[in-house]
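Hi,

Here is the structure I promised to pass on. Please load it before reading the notes below.

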Amino acid sequence: FRWCECDAGNLSALLMKLCQTFVFLKELEACSSSNEVKSSAVVKYSAAPPPTSYALLQEKTDLKLPPANWLRENPQLGSAGTTVLGSSSKSKPFSSFGMAYDFIDSIGDDVDVVSDSENIKKLLKIPYSKSHVSMAVHRVGRTLLLDELDIQELFMRSSQTGDWTWLKEFYQRLIDQKWQRKKKSKEHWYQKAILSKFLYYSINGDGAAEAVPDSLNEGEEEGEAEEFSPSWPATFTNTPSDSEESTQGLRNDFVRNIMWTFEDIHMLVGSNMPIFGGGRYPAVSLRLRDNNKPINILTGIDYWLDNLMCNVPELVMCFHVNGIVQKYEMIKTEDIPDLENSTFSTRVVKDIAQNILSFLKSNCTKEGHTYWLFKASGSDIVKLYDLTTLCEEAEEEKCQNPFTLPVAVLLYKVASNMMLKARQNRKHYGTIRTLLLNCVKLLDEERHPQIIASAHYMLSELFQLDEPEEDGGESLRAGGSEDSYSDEEGEEEEELQEDSDDNGSHSTCSDPQDDSKAVAVIRSVGELSVPEKYRSTHQIRPSYVFPVSQDKEERCRHVLSCVLKGLKAVDGSIKKESDLPAADPNTPIPLKYEDRSASGACAAEKGIALLLDRVQEDQKHPTRSGMIPGSWQHRMKLQLFLKASKAYYVLSDAATNLLKYGRALRYIRLALQCHDAYCSVSTTLHPRVLLFHSQCLSLCGDIQLMLAQNASNRAAYLEEYSYQTKEDQEILHSLHRESSCQAFNMATDLAMDPEYQLFVSSKCYEAAYDLLISGAVKDQGPDQLAQVLKRLGNIRNEMGVYYMNQAAALQADKEGMSKRSVSVAEQEMWKKSFAFFEKGMKDFEAIADNTNTALLLCNTGRLMRICAQAHCAVSADQSRGEFSPEEALYYNKVKTANFFWSVFLHFCISIYPLSHPAVWDSVNWELSTTYFTLATLLQDYAPLSRKAQEQIEREVTEAMMKSLKYCDLQTESARQPLYQYRAATIHHRLASMYHSCFRNQVGDEHLRKQHRSLAELHYSKAVRLFLSLKDAPCELLRTLLERVAFAEFTMAGQSSSGAKLKTLTGALEIMTETCYAFQIIHKELLEEQTQVENPEAPESPSSSGLNLQEVMKLIGVFEPSLSFLLLQLVKLMTAMKRKPSNKDDEQLKLYKNVYSKLLRAEKNAPLLSRVELYMELLQQLNPQTGSGNTGVCS
């Protein structure tokens, strides 16, 4: 551009033209690109050798003369050249199934369509062709399987065998009133023959042409005979257990299988098109055309689609006139749509493909059903029928539909393959379930029990709660590859002729309004060319919702339902029930719900001791039902038995968590019966099975333990245990075909004796432990072994406690007896209890369970205390004697246990100070109780005949201080008030002991002064703790009265009036502190009075149950003590030599007034009135004492 010569106006016009040119180029580019389609092809399998160069035939070569190698097998062509026979020109009725079997991983999810390439081409040419279309459609997941449904051949078979008569009648009634088979013309066979010869010439150009007289006629006759021979397979009866699928039609006969992606459609297609090398590209396709006949649009689409499917970039066209070669022409694949007389839009073909797929996917919705896509010759209407529904309406058997078994097997194989994926991704579960349910619907249980049993087993795997086992389905792989090649281009002319020829087998059909049997109808084939006509439904994918329930029982019931159906299928394939062996009349049936005696326990111990032998021995003998070891029935029953056992185990565990122990015992009984049947059938037991069996025994032990601990609900548990569903009964009946199922009866019976239940529980744990340490599963379940050891320690602790309580009960029964010697029964109980505690501690020590070891040490100490209490001396008047040597012996054992206990506790607390606070609290309490009981017995029943008073006092003090050491007063817990009460009692007892020592000590003033100081110290601590409790008024009052008595005794030893006055004043201050105790007593008395007057009134939660007798005794001490103090104070203050002050006069007057009221008080007045009087008097005295105590009245 010469910018200098352009003015502003010209420059603007120039820029406008440039912009318009740019927009035009962009539109042209978009238009050209819009005519392109996305296509890619990947060869999944090929039986042909690598392509070799084709032979370029010389001009004037006569194709009517056969080459020397004609009809001989050739690796380049396979059997493609034998199409002159006619039999290979048609798709096999099950060709898609053969491909699906070989590429099962792609079926159901990754592929939209599986079919012969000829069927795909026929569908995409529907809007352009007037010829008929007849195809069978099957759905598997989101995949559609398309196969040619040759109605002519089908009806010929119907005339010979009587099958499909219902379809023939339906066809004649609604579609074709006058059905008549059409014969192929001689022109048809002529074109097939020269095509075959052309292909053989192309691979052997140097071969001399030899004349073969009358070969053509023989070929035509042979081909015609083949055309009319029944190529449809007989009724398919093979089961998937056959290793070789020799049935005709189920093999993958294609030379190559290709994964073709056309736009967004993924197709697995089979093709037999010969591919040669040469030219600018490594692959070309050869075509033979009559030079006198122009290429029509159907032929062009056919060539184009073949090259796209096989990913062939170039087409070599050989033209001939009356069989004489004229010339060759090379055409690129992308140029085929633009050929003269064969122009078509690739975008329209894409729209047709998407619309047809959307139509089929939207309407072929039922898996397992056979759909029929049909378009009559010369008609624009396409109809879709559900042949399965029509067959059911015709009341004919399922086997009359030859697609039934291939579809069922394919559904089974796809589901089996998806099960492997489902173990990593649960999203496939809904699809798998739908596939298997449809598979089972299609099959007859008597004819195909293996598929049905395996399908039900896989269904049970979907609902199982743990890791699924390996499925028992057998792999089905198609074998063989019988090559075939279809010469569709040889039939294009016939299709064009059929557009105007209605004398064939397919005549005009009835209007769609008259056909109510069709599932869906395309009213005009022109609709298929409309972009996105059916696009709204194309993206619809089947939504398979897997019915996952949050209820474990419901899920397990699904599992058991599937297992039962599988067992029925297996049992039906072995022998009839009438052939079962009769029950042995000499074998007793154990009665249930029977109380076990000692002899019964021994028998149970022997029975449970055989559990290990039962599960570890190898069963070599034949099964009861007559199954052959290694057969599919044998393998399937093993899996079903194990699956049922696991389901019942989960049910039992869930019932245990719900505290339904009767139901839990019933389920674990069924689980062990399933395992018993498994052992009867299995030749060897896998370690995983033994580990699971150990879990069952452990759970059985848990349930028996819970039943022993909850004996009060025995009637409800018995009702739960007795109930049985029909499903459980049928499963048990199937189990009895293989085993008596009585090996574990002793472990799963519901007994009435808690001791026997504890015994059975321990034996179950012992059997589980022995199983885990056996050679078969050793080192495979360390975590499970630790759990079993923990359970063993726990059950031995429970049994030790049980026998300890029994010994305590025997001891309590002898309390009223004059002679209380230790009986043999008690000693036996002690021995059993101690032995179980020792075993339990060993179990817990084996797994380093310090917490439970401490608890068992605690229980051992408690047992020793019971032994000591049993040896206490009782005099003839039923009074308690001195602390006996036997008691001392057992308490020494207690102290020895407590020594290890204490060291162990401090060690554990130093490492785990915050772990298991409840356990540490319990151990602290037991330690404190042990020392407190020992000190109390030494103090109350001092063995003065054997020990000196000073020694006893030292032992009491030492034990009391150790008990006080383990009283945790700081930590807030439920036991804190108990600790406070015990600490207050300890201080009170120590104060009383030192008080007594102070009174009785003579001579040693230093020691007396020490006892006095200690008594004052412990009295003050006891009062402070009792005040903090607020619910121990009697204990507080007693302690204060003892302190007053201690002060009075101190005053008696004083000589000066001033010292006495001071001591009495201090004693009166202590006496005023009793006002708080009287307040609590007054409140309790008022609540009791209210309760008597109004029985319906709710009882106060703070009421502690006042001991009125104890209150009366303490009042009997309080009143004289207060009177004595007041009287002594009045006397001392009156006799004082110094002149009293005004304050002294007021105090003296107050003391006299209070003393006067106390003397005039009515002795027979009600307790409440007396308490109120004491509170009033103490309130009068309190301001004068100057006390600042919290225990004073307010």
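The notes below cover a strand, a helix and a cavity.

This is a predicted model: local features need pLDDT of at least 70, side-chain atom pairs count only at pLDDT 80 or more, and totals for chains, interfaces and linings use all residues. Residues are numbered from 1 along each chain as its sequence is written, and side-chain values use heavy atoms, without hydrogens or water.

Strand S5 covers residues 256–262. Strands (E, at least two residues) and helices (H or I, at least four) are DSSP runs, numbered from the N terminus. All 7 of the 7 residues in S5 are buried, so the rest of the structure largely encloses it. Buried means under 20% relative accessible area with a 1.4 Å probe, protein chains only. Arg256, Ile258, Trp260 and Phe262 point one way, and Asn257, Met259 and Thr261 the other.

S5 pairs (at least two DSSP bridges) with S1 (residues 39–46), antiparallel, over 7 bridges. S6 (residues 265–271) also pairs with S5 in the antiparallel sense, over 7 bridges. Threonine 261 bridges to serine 40 in S1 and to histidine 266 in S6. The S5–S6 hairpin has 2 residues between its strands. Glutamate 263, in the turn, has a positive phi of about 55°.

Helix H13 (residues 449–463) is mostly covered, with 15 of its 15 residues buried.

The second largest cavity has a volume of about 130 Å³. Cavity points lie on a 1 Å grid over the protein atoms alone, where a 1.4 Å probe fits but cannot get out; lining residues have an atom within 4 Å of a point. The volume is the space filled by probe spheres set on the points, which are joined across faces, edges and corners. H9 gives the most to this lining, with 4 residues.

Best wishes

Note on methods: Buried means under 20% relative accessible area, exposed over 50%, partly exposed in between (1.4 Å probe, protein chains only). On a 1 Å grid over the protein atoms alone, a cavity is a set of points where a 1.4 Å probe fits but cannot get out, and a pocket is an open set with protein on both sides within 12 Å along at least five of seven lines; lining residues have an atom within 4 Å of a point.
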